[in-house]
Amino acid sequence: MTLIIMALSFLLFLFSDSLKGQGLFHLINNAFFQAISARTAGFYTVPTSLFDEFTEIVLMLFMSIGAAPGSTAGGIKVTTLALIFVFIRSVLKGDDDYIIFKRRIPYDIVKKALVIFIVFFALIALLSLVLMLQENYLRPVTVVFEVISAFATVGLSLDITPDLSLAGKIYIIIAMITGRIGILTMLILMVTPITTKKKVKYPEGRVLVG
């Protein structure tokens with residue numbers, strides 16, 4: 001997953017006008033550097049004030065993913081994204097098992113990956129909407145960029161944080177703390193697990209989806 005994400009982000013950044021610099025060498029160098037840095041470090045070789053919307057959107061996509069579990073990077077993690085793809089493939093093929101590299105992934109791990117994925121982007125959407133209402137003079141893309149960077153603990157910024165209101169800065173701080181602790185850890189702390197087995201098993205109910 002790391003190699004795939006690196007290659008895909010590098011190819012996308014090659015289409016960025018913001019990273020072209022002074023020629024082909026600068027474009028390749030900037031694209032490769034930004035493909036790596038966007039997922040954890042927050043460094044940049046081109047000032048963020050020069051980023052066009054294409055570059056900002058690509059950065060938001062890969063900032064959300066982050067790096068591998070156990071690292072200091074934020075985001076949903078590359079293994080979580082891989083399990084999402086495995087889950088989608090299994091559903092489309094009608095498989096009951098989740099197989100990757102000839103290994104069956106337990107359902108509880110896949111379920112945790114789905115929860116992290118959904119809650120992560122739901123929180124980003126919610127906080128972005130709140131911040132847009134609070135700071136209605138800012139571009140929506142700029143607000144979403146700052147929120148994702150805070151949640152994923154990347155460090156990249158479009159330099160709007162100093163100009164935010166007190167409430168806006170508090171929202172960003174909450175996003176940073178939540179992202180640093182981790183979505184799954186926060187949910188475990190907030191939700192009391194059920195230790196006793198249920199004595200009632202309800203009848204199955206099927207609904208239409210899609």
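Which helix gives the most to the lining of the largest pocket? Select helix 5 (107-134): with five residues, helix 5 gives the most to that lining. Helices here are DSSP runs (H or I, at least four residues; strands are E, at least two), numbered from the N terminus.

Before going on, keep in mind that this is a predicted model, where local features need pLDDT of at least 70, side-chain atom pairs count only at pLDDT 80 or more, and totals for chains, interfaces and linings use all residues. Residues are numbered from 1 along each chain as its sequence is written, and side-chain values use heavy atoms, with hydrogens and water left out.

**Stop 1: the largest pocket.** Pick Gly-75, Lys-77, Ile-116, Ile-183 and Leu-184; of the 21 lining residues, these lie nearest the pocket's centre. (On a 1 Å grid over the protein atoms alone, a pocket is an open set of points with protein on both sides within 12 Å along at least five of seven lines, and lining residues have an atom within 4 Å of a point.) The space in there is about 350 Å³. Colour the lining by type and you get 11 nonpolar, seven polar and three charged residues. (Ala, Val, Leu, Ile, Met, Phe, Trp, Tyr, Cys and Pro count as nonpolar, Asp, Glu, Lys and Arg as charged, and the others, Gly among them, as polar.)

**Stop 2: the second largest pocket.** Select Asp-108, Lys-111, Lys-112, Val-115, Leu-184, Leu-187 and Ile-188, which line this pocket. Its volume is about 270 Å³. Helix 5 gives the most here too, with four residues. The lining holds four nonpolar, no polar and three charged residues.

**Stop 3: the aromatics.** There are six aromatic pairs in the whole structure. (Rings of Phe, Tyr and Trp, its six-membered ring, pair if their centres lie within 6.5 Å; planes under 30 degrees apart are stacked, over 60 edge-to-face, the rest tilted.) Show Phe-10 and Phe-32: they are edge-to-face, 6.2 Å centre to centre, with 75 degrees between the planes. Phe-10 sits in helix 1 (residues 2-13) and Phe-32 in helix 2 (residues 24-37), so the pair ties together parts 22 residues apart in sequence.

Next, jump to Tyr-98 and Tyr-107, whose planes are at 25 degrees and ring centres 6.3 Å apart, so this pair is stacked. Finish on Phe-117, Phe-120, Phe-121 and Phe-151, which form one aromatic cluster.

Terms used: 1 Å grid on protein atoms, 1.4 Å probe; cavity = no way out; pocket = protein on both sides within 12 Å on 5 of 7 lines; lining within 4 Å. Points joined across faces, edges and corners; volume = space filled by probe spheres on them.
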